[in-house]
Amino acid sequence: MEKKNIDWSNIGFGYIKTDKRYVSNYKDGAWDNGAIIDDDMITMSECACVLQYAQTIFEGIKAYTTVDGRIVTFRPDLNAERFANSARRMEMPAFPEERFVDSIKKVVKANEAFVPPYGTGATLYVRPYMFGINPVIGVKPATEFQYRVFTTPVGPYFKGGAKPITIRVSDFDRAAPHGTGHIKAGLNYAMSLHAIVDAHNQGFDENMYLDPQTRTKVEETGGANFLFITKDNKVVTPKSDSILPSVTRRSLMYVAEHYLGLEVEQREVYLDEVKDFAECGLCGTAAVISPVGKIYDHGKEICFPSGMEEMGPITAKLRETLTGIQEGKIEAPEGWIVDIA
Ligand SMILES: *Cc1c(COP(=O)(O)O)cnc(C)c1O
């Protein structure tokens, strides 16, 4: 397999079109067989449900090359399950979970030339998504849907080491109680765009969202879950019905407990107690863990002892262990690493 001529270590986090994508259509109550196609453009009615009422959901997963040259992906069954949950909450037909995993394998295999080689730090980002495609003007769910998966190579998230970031406590809310915070719907991101642009304009990297009901508890950022490390090395993650269940966060909690022998706890985390933690990180597929050095809360600064130069020791150990498992250097729990080619 001849790889594309791409400067893998220097590509950023933008869209690069690859050769193939997967498409399946839902009509008259059933999914068709699906196919790998060439056309990256989509034609739809001006009145398509997704354009009028944002009926769309997505997933994010990566395919990459292990140390022994296999092309694999990480826990796609959890993305399949989450995608089906997102669909049900959005009144969309669930895409069968086995077919979801199969579509990822097919589209990665078809774009094998775009899977970055081991050691470059780059990966092939895989984006499954689904949207209501038929015309809808009275407010109701679509009856026809399209499921697609495209891929795009992305560069190493941290070039030259992970530098801690600064985040602010946001005055905007991300997800209402009993709303859609726990599913991966485009609408959650639409409403976060103003908050993130505003945060960047004020010099912050990310927003920390609080629970909208009491504004006392930590939820998550726009696209990553929190992990905190206590001064006695316990790993704590916030519990709330409106947090998106991150595959990375769940995997890191498992690694903390079963590989590193650390105590782990999922519980409500109050903003008031954040100053007492030793380390803080953000977890998601893209970066695994981004260290947080400082949190700005309306004129007050919470500075973690790990500082602004490097990630804290437990965060670093967690990151190193999970990336070691992903890259095939450390034995993975059953079913975590799924071979593609
Ligand atoms: C996708 C996402 C995450 C990270 O989930 P992973 O499965 O680890 O990639 C966290 N928070 C939100 C809001 C997300 O949409």
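User: What makes domain 1 and domain 2 of this protein, and where do they run?

Analyst: The domain assignment gives domain 1 (8-154) and domain 2 (165-326). Such bounds come from an automatic or database domain assignment. This is a predicted model: local features need pLDDT of at least 70, side-chain atom pairs count only at pLDDT 80 or more, and totals for chains, interfaces and linings use all residues. Residues are numbered from 1 along each chain, and side-chain values use heavy atoms, without hydrogens and water.

User: How many residues does each domain bring to the contact?

Analyst: The domain centres, over C-alpha atoms, are 26 Å apart. Domain 1 gives 20 residues to the contact and domain 2 gives 21 residues. Contact means heavy atoms within 4.5 Å.

User: Which residues come nearest to the ligand?

Analyst: Lys184, Tyr189, Ser246, Thr248 and Thr285, of 15 residues around the ligand. A residue is near if one of its heavy atoms lies within 4 Å.

User: How much of the ligand's accessible area does the protein cover?

Analyst: The protein covers 95% of the 380 Å² that the ligand has on its own. Accessible areas come from the Shrake-Rupley method with a 1.4 Å probe.
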